Amino acid sequence: MDLDQFRLRDKKMAETLIDKIQEADVDLKIMHVCGTHQDTLVRFGLEDMLKESGIRIIQGPGCPVCVTTPREVQEIITLAENGITMTVFGDMIKVPGEKRSLMHAKEEGGDVRVVYGIDDAVEMAEDTDKPVVFMSIGFETTTPSTASVLARGAPDNFFVLCCNRVIPPALEAIINMGELDLHGLIEPGHVSTIIGTRPYEFISREHGIPQVIAGFEPLDVLMAVHMLVKQVKEGRAEVENEYDRVVKTEGNPEAQRLVEQVFRRVDTDWRGFPVIPDSGLELRDEYARHDARMEFSHLLEEVRTRAYRERDDCLCGEVLRGITEPRECLLFGKGCTPGDPVGPCMVSREGSCNIAFRYSGR
Ligand code: SF4
């Protein structure tokens, strides 16, 4: 633990903040969209402490693996079944598709490789003449690495299956769906490092919802809640930055420029959500020769046009929209565990169900 972490886990300071939150005597529902925030909330017992102080904090669609759709899962399985080398982040291999997961395709001889980053996938492409597809998932934090590789030039046999998404439109979709009466949002520190503070401003301006960008240590999260409580008490709705030791107002302009150069925004669906305008990304025409969906459109035609149903007994969609808690799912910890997951929220360490399971009883 470094000195900063030590300072940001100070128990006395945490108690002082909880006291202040309690003194405010408010009853608030706050959403965050980050698996690391959820981990901190549950691991350090803050979720329950805050609940006792009238603050309910809900995890929204902030886990990149969890929000991938059944169609995207089927795309990677189909490509692997057709002999294409698929490279994915570790969690994706276990996400159940309609009938099976990528793991099953691998067991049956599919060339599926787990990578730590896009550079590993590019290296594989450089070492072979066969096509190599990288499944690019993630939010604003990870998109720049894919953009950077394509902008500097990738091998001709390297393709990207783009499943990247953008956070602010999803936040607005949640608000517009009206299933939750939210009083505040805790914004993700990592995403904000890239996009800065401004892309959230319309939410406070148009929907009157206070927001605080927060770091990931316990005191970061408690301070963010305290700042939100203060905004509510004072009748303010604005974007404040608790994580200003890392997040700058303008974010990372170079990363933003790269993403803008390589990708364009498109409407896309998220697991559990209808199509959210402007919330997805696809490669611009200049980079389309690396687009796996174009290169293998003949293999993916049926996947693209067919309707998908999620399992009725898996409530991942409701969990991602923040209207159901993991333990309310009848399969939680019984038919569905990290070792034998039914939905992506139990697969990914950033998923609400996985986090609830890992820390249950502790
Ligand atoms: S516990 Fe399992 S089945 Fe239930 S919502 Fe979570 S991932 Fe889906």
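Aspartate 278 counts as partly exposed in this predicted model, with a relative accessibility of 38%. You will find aspartate 278 in strand S11, which covers residues 275-283. Take a look at its backbone too: phi of aspartate 278 is near 60°, a positive value in a residue other than glycine.

Aspartate 25 also has a positive phi, near 55°, and again the residue is not a glycine. Where does aspartate 25 lie? Its place is the loop between helix H2 (11-24) and strand S1 (28-32). Aspartate 25 has a relative accessible area of 67%, and because exposed means over 50%, aspartate 25 is exposed.

Now let us turn to the interior. In soluble globular proteins, nonpolar side chains tend to be buried together. Here, the largest nonpolar core has 72 residues, and Met92, Val133 and Met135 are those with the most contacts inside it. Helix H10, residues 167-177, gives the most to this core, contributing six residues. Why does this core lie between domain 1 and domain 2? Both domain 1 (3-64 + 168-241) and domain 2 (66-166 + 251-305) give residues to the core, so it lies between them.

Leaving aside neighbours within four places in sequence, methionine 135 is in contact with Thr68, Glu72, Ile76, Met86, Thr87, Val88, Met92, Leu161 and Cys163.

Technical notes: Residues are numbered from 1 along each chain as its sequence is written. This is a predicted model: local features need pLDDT of at least 70, side-chain atom pairs count only at pLDDT 80 or more; totals for chains, interfaces and linings use all residues. Side-chain values use heavy atoms; hydrogens and water are left out. A nonpolar core is a set of buried Ala, Val, Leu, Ile, Met, Phe, Trp, Tyr and Cys residues joined through side-chain atoms within 4.5 Å. Buried means under 20% relative accessible area, exposed over 50%, partly exposed in between (1.4 Å probe, protein chains only). Helices (H or I, at least four residues) and strands (E, at least two) are DSSP runs, numbered from the N terminus. Domain bounds come from an automatic or database domain assignment. Contact means heavy atoms within 4.5 Å.
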